Amino acid sequence: MEKQPLSLLEWAYGQIRDQIMSGEMEPGKKVVVNQVAESLSISPTPVKEAMNRLVAEGLMDMLPRRGFVVKQLSMDEIRNIMDCRIMMETFAAIPAAENFHAHPEIQVKMREVLRKMADVQANDYVRANQYEQIYHGSIIRLTENRKLTELYDMLMGVSFSFLVYASSRHPMERHEAAHQEHKLMYECLEEEEGKKLETLIRMHLENTMKLYETFLPAYTKKKY
């Protein structure tokens, strides 16, 4: 069956979202509907509808007298997001380990991502963050809890573009250490060591937050 073309709304949404997630549209940047419409060679209506959808998803803000702005996080928001990640991922550890061998497709995906993580270039922050999100998201998916997966994906979407933008201006100091921790997580899953995985995930995310504390304040949200 021939694939149906995307509607202008869906296409505009995808284009704008990709620009946000890649850091091309910087956090805090004002986005003018007419300018985006002109760059995409479409009318302003689907662009505005797409931006409203991105506001609902937490990737943009709609501010009085300023219009649409790419979401920029405060340090408190980042800490809250990381606290939520710790809660979700440590909760997921035991059921993920129990279900691991029932999901060979997730095993294949995680091994593939581990290989790709090892090959990431030192300045390829978009891919590094994408692989991190896929890998940790796979642990969430192993719980077989669809609502948890939906909430996790939404949480990660809100923080992804901001972290790509800010991290790209800072050396990937924890890249090798984080990669080793990811390999240990996989071993815990293989051995069905849920409690060990829970401890490892907590340590991994707490170390990540400590690194964020060293450089993210320079990029966090100021008063508009």
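Visitor: Where is S41 found?

Guide: S41 is found in the loop between α2 and α3. Keep in mind that this is a predicted model.

Visitor: Is S41 buried or exposed?

Guide: A residue counts as exposed when its relative accessible area is over 50%. S41 has 65% relative accessibility, so S41 counts as exposed.

Visitor: Which residues in α2 and α3 meet?

Guide: From α2 come V33, N34, V36, A37 and L40. They meet P44, V47, K48 and M51 of α3. Sorted by class, this contact has seven nonpolar residues, one polar and one charged.

Visitor: Now a residue in another helix. Is H179 buried or exposed?

Guide: The cut-off for buried is under 20% relative accessible area. H179 has a relative accessible area of 8%, so H179 is buried. H179 lies in helix α8, residues 175-190.

Visitor: Which residues is H179 in contact with, leaving aside its neighbours within four places in sequence?

Guide: H179 is in contact with L114, M117 and A118.

Visitor: A178 is also in helix α8. Is A178 buried or exposed?

Guide: Apply the cut-off for buried again, under 20%. The relative accessibility of A178 is 12%, so A178 counts as buried.

Visitor: How many residues apart in sequence are A178 and H204, and what is the distance in space?

Guide: Sequence separation and spatial distance are read separately. A178 and H204 are 26 residues apart in sequence. In space they are 7.2 Å apart, C-alpha to C-alpha.

Visitor: What about S138: where is it found, and is it buried or exposed?

Guide: S138 is found in helix α6, residues 125-141. Its relative accessibility is 6%, so S138 counts as buried. Leaving aside neighbours within four places in sequence, S138 is in contact with I106, K109 and M110.

Visitor: Next, the whole chain. How many helices and strands does the chain have?

Guide: The chain has nine helices and three strands. Read from the N terminus on, the elements run α-β-α-α-β-β-α-α-α-α-α-α.

Visitor: Why does the radius of gyration of the chain agree with a compact globule?

Guide: A rule gives the radius to compare with. For 224 residues, a compact globule would have a radius of gyration near 17 Å; the chain has 19 Å, which agrees. Along its principal axes, the C-alpha trace spans about 55 × 50 × 30 Å.

Visitor: What share of the residues in the chain is buried?

Guide: Buried residues make up 50% of the 224 residues. As for the surface, the chain exposes about 12100 Å², and carbon and sulfur atoms supply 52% of that area.

Visitor: What share of the contacts with a separation of 6 or more is between residues 24 or more positions apart?

Guide: Such residues account for 76% of those contacts in the chain. The pairing of A178 with H204 can be located in the structure above as an exercise in reading separation, 26 residues in this case.

How values were computed:
Residues are numbered from 1 along each chain as its sequence is written. This is a predicted model: local features need pLDDT of at least 70, side-chain atom pairs count only at pLDDT 80 or more; totals for chains, interfaces and linings use all residues. Side-chain values use heavy atoms; hydrogens and water are left out. Contact means heavy atoms within 4.5 Å. Helices (H or I, at least four residues) and strands (E, at least two) are DSSP runs, numbered from the N terminus. Ala, Val, Leu, Ile, Met, Phe, Trp, Tyr, Cys and Pro count as nonpolar, Asp, Glu, Lys and Arg as charged, and the others, Gly among them, as polar. The radius of gyration is taken over C-alpha atoms; the globule rule is 2.2 Å times the number of residues to the power 0.38. Buried means under 20% relative accessible area, exposed over 50%, partly exposed in between (1.4 Å probe, protein chains only). Accessible areas come from the Shrake-Rupley method with a 1.4 Å probe; for residues, only the protein chains shown count as cover.
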